[in-house]
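This briefing covers two local regions of one protein chain. The notes below are grouped by topic.

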Amino acid sequence: MQSILTFLLILSGLLFTSESQTNQPETDWPAELNTGEKAVYLDQYEKQIVFELNKVRHNPARYAIEYLEPLRSAYNGDVISLPGSAPLKTREGIAALDECIRALKSASPVAPLVPVRGLSSAAELLVKDQKTYGGTGHLTKSGWTPQVRMKRFGAYQSKLAENLVYGYDKPRNAIISLLIDDGVADRGHRNNILDAGFTEIGVAADEHPTYKYFCTIEFTDGFTPSTR
């Protein structure tokens, strides 16, 4: 059994803008990538997270060209200033962005992820817990791991991963931050997103008392819902 548990902590919690990406039309990407569109248990933010992830997986090079390359002008040394956002000090500066662009341009396309309610329910347990008690990381206040949370709603096949991202109310910025993986040596979040072995996904997002917003993303290679 393989477990890949990584998270990204946005220390500033400042990458918020008044513009929402959840309602922006995406007519030029294949409609079949929007696998969460009819998932009634997902809100618009969560649906857009699924869509962004599937765009990356479907055409990594295009995603890099359209959404990452324009960010090069947003850097001033190790500080990035996204449009409408407060400046954020990074650990690696523009080098991390450039490395990400190269990696995506050389990555192979993989199949889109399909949302599963049980996985979103497992993610929601952590989101609600941190909304109430604060904190960061993969464990609830009572110590529940991602595996324990998933087992409450079913069983994953052989491997899982969990990406956490704090401080972004715009889904695309949240995914971009996970792809760049500034300060994360093994680029674990990006690897999870591009892993062809993962086929199903769960997403939950809500407010966070310290970082304004928090999103949990579960990945598995297959999930069987509980019959209880």
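Predicted model: local features only at pLDDT ≥ 70, side-chain atom pairs only at ≥ 80, totals over all residues.

Is helix H1 mostly covered or mostly uncovered, and how many of its residues are buried? H1 is mostly covered, with 13 of its 15 residues buried.

**Helix H1**
- H1 runs over residues 44–58 and has 15 residues.
- From its first C-alpha to its last, H1 reaches 21 Å, close to the 21 Å expected at 1.5 Å a residue.
- At the start of H1, Asp43 places a side-chain oxygen within 3.1 Å of the backbone nitrogen of Tyr45.

**H1 against H2**
- Two packed helices are described by the angle between their axes and the distance between the axes.
- For H1 and helix H2 (residues 60–68), the axes come within 5 Å and cross at roughly 115°.
- On the H1 side, the contact involves Glu52, Lys55, Val56, Arg57 and His58; on the H2 side, these meet Pro60, Tyr63 and Tyr67.
- Sorted by class, the residues of this contact are 4 nonpolar, 1 polar and 3 charged.

**Glu162 in strand E7**
- Strand E7 spans residues 159–166, and Glu162 lies in it.
- Glu162 has a relative accessible area of 0%, so the residue counts as buried, the cut-off being under 20%.
- The Glu162 side chain makes a polar contact with the side chain of His138 at 2.5 Å.
- The side chain of Arg149 also makes a polar contact with that of Glu162, at 2.8 Å.

Technical notes
Residues numbered from 1 in each chain as written. Heavy atoms only, no water. Helix = DSSP H or I, 4+ residues; strand = E, 2+ residues; numbered from the N terminus. Buried < 20%, exposed > 50% of the residue type's maximum accessible area, 1.4 Å probe, protein only. Polar contact = N/O pair within 3.5 Å; in protein donor to acceptor, adjacent residues only side chain to side chain. Expected span 1.5 Å × (residues − 1). Axes fitted to C-alpha atoms, helices over the stretch in contact; angles between N-to-C directions. Contact = heavy atoms within 4.5 Å. Nonpolar A, V, L, I, M, F, W, Y, C, P; charged D, E, K, R; others polar.
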